[in-house]
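User: I am new to reading protein models, and I would like to work through this one step by step. Could we take the questions one at a time?

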Amino acid sequence: MQYPSYSFTTDRENSIYEFTSIGKNQAIKKLIIFTPVEGEYKVYNLSFGDRTNYDGDLLRIDDRIVSNNGDMNKVLATIFRAVLKFTEGKDFYKIYFTGSTPSRTRLYRMAISNNYAELSKHFSIYGFDMGGKVVFFATNTNYQGFLITPNTNSIK
């Protein structure tokens, strides 16, 4: 993506990524977690949000907090970099994600639309239409969620 991103750390399995959003309000710990979908072959759910520790040391994400930290593009660019890192060396995968609210899903659609030329160099991008059917992503179209797979013409 055309925006700067934050540095992140990851676990040994490259499935948990942590970074700090430093914005106008505060420094906020963020997590990106890739979780295998049970029963599905190489399908991962992408979760993203503020890091919380409500259960002692167990990592938790709060994906409903509105940080309003003024660094949305930098955060989204960091998520893109984490997806690239997670998919490194994987011949096949599917990554599903959606917003925790309709407005966040719309935000993701706008971010994909605004950066489609760059993203499509790396991924084939699909949307789940309002009936739940998987269709090729199109700008200015509402979706319930998104699915990305390797682009067979990828420059990776």
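User: Does F19 count as buried or exposed, and at what relative accessibility?

Analyst: This is a predicted model, and F19 is found in its strand β2. A residue is called buried when its relative accessible area is under 20%. F19 therefore counts as buried, with a relative accessibility of 2%.

User: Which residues does F19 touch, not counting residues up to four places away in sequence?

Analyst: One of these residues is K30, which is 11 residues from F19 in sequence while the two C-alpha atoms are 5.4 Å apart in space. Not counting residues up to four places away in sequence, the residues that F19 touches are Y6, S7, F8, I28, K29, K30, I32, F48, V75 and T78.

User: How many aromatic pairs are there in the whole structure, and why is the pair of Y6 and F19 stacked?

Analyst: A search of the whole structure finds 15 aromatic pairs. In the pair of Y6 and F19, the ring centres are 5.7 Å apart and the planes meet at 20°. Planes under 30 degrees apart count as stacked, and the angle of 20° between Y6 and F19 is therefore what makes this pair stacked.

User: Which parts of the chain does this pair link?

Analyst: Both partners, Y6 and F19, are buried. They are 13 residues apart, and the pair links distant parts of the chain, namely the segment before β1, where Y6 lies, and strand β2, where F19 lies.

User: What kind of pair do Y143 and F146 form?

Analyst: Y143 and F146 are both buried, and they belong to one aromatic cluster together with F97, Y108, Y116 and F137. The ring centres of Y143 and F146 are 5.8 Å apart, and because their planes stand at 65°, the pair is edge-to-face.

User: Which element gives the most to the largest nonpolar core?

Analyst: This core holds 29 residues, and those touching the most other members are I32, F34, L46, F48, I79, V83 and I95. Several elements each supply at least two residues, including β2, β3, β4 and α1. With seven residues, the element that gives the most to this core is α1.

User: Leaving aside neighbours within four places in sequence, which residues is I79 in contact with?

Analyst: I79 is one of the core residues that touch the most other members. Once its neighbours within four places in sequence are left aside, I79 is in contact with I32, L46 and F48.

How values were computed: Residues are numbered from 1 along each chain as its sequence is written. This is a predicted model: local features need pLDDT of at least 70, side-chain atom pairs count only at pLDDT 80 or more; totals for chains, interfaces and linings use all residues. Side-chain values use heavy atoms; hydrogens and water are left out. Rings of Phe, Tyr and Trp (its six-membered ring) pair if their centres lie within 6.5 Å; planes under 30 degrees apart count as stacked, over 60 as edge-to-face and the rest as tilted. Helices (H or I, at least four residues) and strands (E, at least two) are DSSP runs, numbered from the N terminus. Buried means under 20% relative accessible area, exposed over 50%, partly exposed in between (1.4 Å probe, protein chains only). A nonpolar core is a set of buried Ala, Val, Leu, Ile, Met, Phe, Trp, Tyr and Cys residues joined through side-chain atoms within 4.5 Å. Contact means heavy atoms within 4.5 Å.
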